[in-house]
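Please read the following report alongside the sequence and the coordinates.

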Amino acid sequence: MSAPVHYRVEAADLHAHLWRVTLTVERPAPRQRVSLPVWIPGSYLVREFAQHLQRLQAEADGVPVPVRALNKNTWEVACGTANTVVLRYEVYAFDTSVRTAWLDSTRGFFNPTSLCLRVHGREQGPHALTLVANDATRHWRVATALPRADAPRTRRRGWRWPDDAGMGTYLAADYDELADHPFELGTFWCGDFDVRGVPHRFVVSGAPAGFDGARLLADTARLCEAAMALWHGPHGRPPFDRYLFMLHATRDGYGGLEHRHSTALVCARTDLPLAPLKAGDGYTTLLGLISHEYFHTWNVKRLRPREFARYDYDRENHTELLWFFEGFTSYYDDLLVLRAGLIDQATHLELLARTINQVLSTPGRLVQTVAQASFDAWTKYYRVQENTPNATVSYYTKGALVALCLDLTLRAEGHTTLDDVMRALWQRCDGGPMREADLRAVLRRLARRSFDAELDAWVHSTAELPLQPLLQRHGIRWVEEPAPLAQRLGVRVDDSGGALRLRNVLRGSAAEAAGLAAGDEWLAVQRGQDVWRVHKLDDVALHARGLGTDEPLLAWVARDGRVLRCALRWPAPAHTVKLLPPA
């Protein structure tokens with residue numbers, strides 16, 4: 001065994017989706033406590049990973065000993081004076097997201113936060129994880145950025161990906177490092193490239209026939225170079241010696257989670273570049289996701305909120321700075337796709353306008369500040385329900401617009417740019433924990449004036465952002481176009497399956513004034529004596545054509561088994577924003 005804390009992981013049953021874990025601890029405490037994290041850094045929700053752990057048993061020096069549950073995710077093992085304690089358990093894994101674990105006959109994936117019990121008092125020492133093959137998985141390959149135990153000399157010469165990417169033992173300096181390295185197992189496409197001497201690897205599972213891996217590698221390399229140029233200038237080196245992209249393609253998935261040397265991604269198969277077809281909007285979305293998670297390698301994994309200096313895996317870790325770490329990352333993700341030459345300015349402005357419209361169509365922006373949204377992520381942002389858009393604002397989208405306003409203001413005043421601010425923050429905080437006060441100090445120094453008033457208004461109040469004048473000052477044309485019917489009415493709907501259902505009714509909208517409610521099935525509209533069945537919003541628009549704002553339209557809805565008639569006053573025209581390059 002290569003470390004005093006050692007995990008042996010194997011697929012116990014592919015069809016039952018069970019991982020089997022054997023944890024061996026040398027020199028345990030007499031009453032050794034272990035726990036499984038309740039959340040994973042980067043995804044700010046208590047997910048209760050312990051719900052999937054079962055059959056926990058222990059032996060001390062080969063003799064069975066009691067295991068007592070102390071709370072929802074912590075156990076105590078009666079080790080006495082034993083030299084070694086061995087815990088055995090299983091983990092159910094059937095979540096395709098990047099946050100937890102998966103196992104079936106075609107693929108395995110896990111974050112150690114889902115599988116690896118934390119040994120209290122031993123978190124700071126070395127940890128080893130051994131992947132063991134069986135008859136069902138002997139042909140599987142392994143992808144992870146965690147170092148292999150049998151490659152120390154290679155590491156001294158500079159990182160090289162192992163030639164044998166199979167099962168074996170992997171070493172982590174401590175539990176935090178182990179927790180920050182997901183594992184992908186199975187049969188997958190793999191490709192390598194270097195950026196500024198740093199080896200990068202991209203693995204893709206679930207790709208369809210015709211997947212254009214060469215294009216994905218070339219485009220990702222350009223994104224990585226653009227990110228390094230932003231943080232370190234034309235010749236600087238990044239603060240990591242390897243990087244791994246792990247992408248799983250599904251029917252309709254989307255998402256990513258950042259790690260210090262890697263990222264786990266999920267996308268729809270149709271978003272992949274397919275030869276010889278021209279890549280569409282889905283591929284642009286995928287490039288933005290790749291850019292976003294790679295940018296996090298600096299902004300949140302290293303430069304991070306002071307509250308994240310040490311993670312507490314047992315409870316929420318609150319911070320008011322997610323508007324900076326997620327929002328600014330969201331500002332730069334598409335901007336770096338532009339700088340890498342992978343989209344043109346018109347496409348970038350289209351993506352920017354989409355973000356603006358998302359924020360302006362969210363009533364919660366007038367209720368919750370973006371700093372409050374950051375703090376409340378654990379209880380509001382990730383716990384979406386019918387009132388969410390009325391009570392909250394996204395720290396991703398509004399945070400990105402705060403970054404835009406800062407960048408446009410700095411560039412207009414001519415002393416500095418947001419790029420300079422990010423690099424100066426990195427240097428001031430030595431690529432480590434930061435406070436909002438650090439951002440304010442850097443802005444004051446580089447911009448030659450205080451930005452406290454702007455940050456107080458844009459981040460700590462619900463005032464509208466000065467987007468239009470700032471964009472127009474830089475020659476960007478702000479054009480207002482007719483809004484779609486859902487926005488005019490103030491509803492968000494689901495019309496799949498042949499029924500028109502209201503997911504959200506927005507605050508202050510015509511739909512709310514009429515008494516429509518989330519969860520209603522909109523059955524029909526009545527105009528005069530005529531009643532018309534509707535199945536989608538286009539049907540409503542058809543039968544309301546030419547309706548004046550003073551003429552009511554009766555909306556027939558089903559709610560809790562009853563049919564109700566709601567008098568809907570047709571709303572005045574509304575607008576969305578379109579951004580155009582300078583004429």
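An open sheet of 5 strands is found here, with mixed pairing and the order β16-β17-β18-β20-β19, where strands (E, at least two residues) and helices (H or I, at least four) are DSSP runs numbered from the N terminus, and two strands pair if DSSP finds at least two bridges between them. At its edges lie β16 (189–195) and β19 (255–258), each of which pairs on one side only. On average, neighbouring strands of this sheet are turned by 15 degrees against each other, direction ignored, the axes being lines fitted to C-alpha atoms and angles running from 0 to 180 degrees between N-to-C directions. Within the sheet, β18 (residues 243–250) and β20 (residues 262–268) run parallel and are joined by 7 bridges; Met246 has Ala264 in β20 as its bridge partner.

This is a predicted model, in which local features need pLDDT of at least 70 and side-chain atom pairs count only at pLDDT 80 or more, while totals for chains, interfaces and linings use all residues. Residues are numbered from 1 along each chain as its sequence is written, and side-chain values use heavy atoms, with hydrogens and water left out.

The table sets out two helices, with the expected span taken as 1.5 Å times one less than the number of residues.

| Helix | Residues | Span between end C-alpha atoms | Expected span |
|---|---|---|---|
| α4 | 213–232 (20 residues) | 28 Å | 28 Å |

Helix α4 is mostly covered, with 14 of its 20 residues buried, buried meaning under 20% relative accessible area, exposed over 50% and partly exposed in between (1.4 Å probe, protein chains only). Just after α4 comes Gly233, which takes a positive phi of about 75 degrees. In α10, 14 of the 17 residues are buried, so this helix is largely enclosed by the rest of the structure. Gly414 follows α10, and its phi is positive, near 85 degrees.

The second largest pocket is lined by 20 residues, and those nearest its centre are Leu360, Ser361, Arg365, Gln487 and Ala574. A pocket is an open set of points on a 1 Å grid over the protein atoms alone where a 1.4 Å probe fits, with protein on both sides within 12 Å along at least five of seven lines, and lining residues have an atom within 4 Å of a point. Among the elements that give two or more residues to this lining are α7 (345–360) and β23 (477–482), while β30 gives the most, with 3 residues.
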